[in-house]
Amino acid sequence: MPHLDVIVQSAVRSLEDDKAEDVVVLDVASRAAFADRIIVATGLADRQIQAMAAHLEKALAEHGIRRIRTETSADWVLLDAGDLIVHLFKPEARANYRLEKMWGPDSPPPDDLVMPAGDVPPEPPPAEDDFIPSLEAFEDEEDEDDDEDDEDDADSLNGPGDPVDEPDDDEDDEDDEEEEDESPDAPEEEPR
């Protein structure tokens with residue numbers, strides 16, 4: 001397998017032969033774990049970008065790189081050849097994504113990304129088991145809280161200062177009045 005710089009030179013030569021514009025090679029070895037180099041280039045038309053991608057695959061295959069993952073969208077083709085990633089953009093998409101700004105020499109140096117000595121890294125999140133209580137514990141708590149919840153529910157239905165209806169007392173009073181009306185001592189009403 002040839003050295004990465006030889007592969008990058010071959011890729012750049014292929015892009016230049018296909019009249020790619022603004023070909024930029026970014027060294028991201030110290031900034032990214034997914035690749036060591038990124039090539040960004042611009043094509044003016046869909047057919048030009050598709051031809052650049054096809055010719056790049058042939059150029060990389062000549063250096064033994066045969067497993068290339070290709071992703072295509074309306075404005076952009078990405079070729080992932082392992083340590084080398086190639087982005088082929090239409091001008092508008094390149095201006096929109098600004099990969100050179102993100103990964104280029106003006107981006108923050110890797111030292112800014114490293115935690116200063118003496119800082120304590122954040123604690124890892126708790127294990128998933130800690131978030132899910134056992135079913136038995138939930139059922140026990142539910143049984144204890146049922147009585148309290150019934151009282152709280154009645155209070156929450158009434159607004160502040162609203163009287164709480166006591167259904168037991170009112171029903172008894174109504175039943176007593178009906179019994180009095182049906183008593184034999186009460187005079188019957190005459191039909192009209």
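This is a predicted model: local features need pLDDT of at least 70, side-chain atom pairs count only at pLDDT 80 or more; totals for chains, interfaces and linings use all residues.

Guide: Residues are numbered from 1 along each chain as its sequence is written, and side-chain values use heavy atoms, with hydrogens and water left out.

Visitor: What is the order of the strands in the open sheet?

Guide: Strands of a sheet pair through backbone hydrogen bonds, either parallel or antiparallel. Helices (H or I, at least four residues) and strands (E, at least two) are DSSP runs, numbered from the N terminus, and two strands pair if DSSP finds at least two bridges between them. Here five strands form an open sheet in the order β1-β2-β5-β4-β3, and the pairing is mixed. The edge strands, each pairing on one side only, are β1 and β3 (69-72). From one strand to the next, the twist averages 10°; axes are lines fitted to C-alpha atoms, for helices over the stretch in contact, and angles run from 0 to 180 degrees between N-to-C directions.

Visitor: In which sense do β2 and β5 pair, and how do β4 and β5 run?

Guide: β2 and β5 are parallel, with six bridges, whereas β4 and β5 run antiparallel and are joined by five bridges. Within β5, V86 is the bridge partner of I39, H87 stands opposite V40, and L88 is the bridge partner of V77. The hairpin of β4 and β5 has three residues between the strands, and G82 takes a positive phi near 85° there.

Visitor: Which way do the side chains of β5 point?

Guide: In a regular strand the side chains alternate between the two faces of the sheet. In β5, L84, V86 and L88 point one way, while I85, H87 and F89 point the other way. Six of the six residues of β5 are buried, where buried means under 20% relative accessible area, exposed over 50%, and partly exposed in between (1.4 Å probe, protein chains only).

Visitor: Which strands does each helix touch?

Guide: Contact means heavy atoms within 4.5 Å. Helix α1 packs on the sheet and touches β1, β2 and β5, its direction making about 5° with that of β2. Helix α2 also packs on the sheet, touching β2, β3, β4 and β5, and its direction makes about 160° with that of β5.

Visitor: How many residues has the largest nonpolar core?

Guide: In soluble globular proteins, nonpolar side chains tend to be buried together. A nonpolar core is a set of buried Ala, Val, Leu, Ile, Met, Phe, Trp, Tyr and Cys residues joined through side-chain atoms within 4.5 Å. The largest one here has 22 residues, and those with the most contacts inside it are L15, I39, L79, L84, V86 and L88. Two or more residues each come from α1 (4-17), β2 (37-42), α2 (46-61), β4 (76-80) and β5 (84-89); α1 gives the most, with six. A second, separate core has eleven residues, including V40, I85, A93 and W103.

Visitor: What does I39 touch?

Guide: Not counting residues up to four places away in sequence, I39 touches several residues, among them V8, L15, V24 and V86.

Visitor: Is Q48 buried or exposed?

Guide: Q48, placed in helix α2, counts as buried because its relative accessibility is 19%. A polar atom of the Q48 side chain lies 3.2 Å from the backbone oxygen of D18. Leaving aside neighbours within four places in sequence, Q48 is in contact with D18, K19, A20 and G43.

Visitor: How many salt bridges are there?

Guide: A salt bridge is a side-chain nitrogen of Lys or Arg within 4 Å of a carboxyl oxygen of Asp or Glu, and by this rule the count is five. One of them joins R37 and D27 (3.4 Å, N to O). R37 lies in strand β2 and D27 in strand β1 (residues 21-27), so the pair ties together parts ten residues apart in sequence. R37 is buried at 15% relative accessibility, whereas D27 is partly exposed at 46%. Another salt bridge joins R94 and E100 (2.2 Å, N to O); R94 is buried at 9% and E100 is partly exposed at 23%. Salt bridges that share partners join D5, D27 and R37 into one network.

How values were computed
A polar contact is a pair of N or O atoms within 3.5 Å; within protein, one must be able to donate a hydrogen and the other to accept it, and residues adjacent in sequence count only if both atoms are side-chain atoms.
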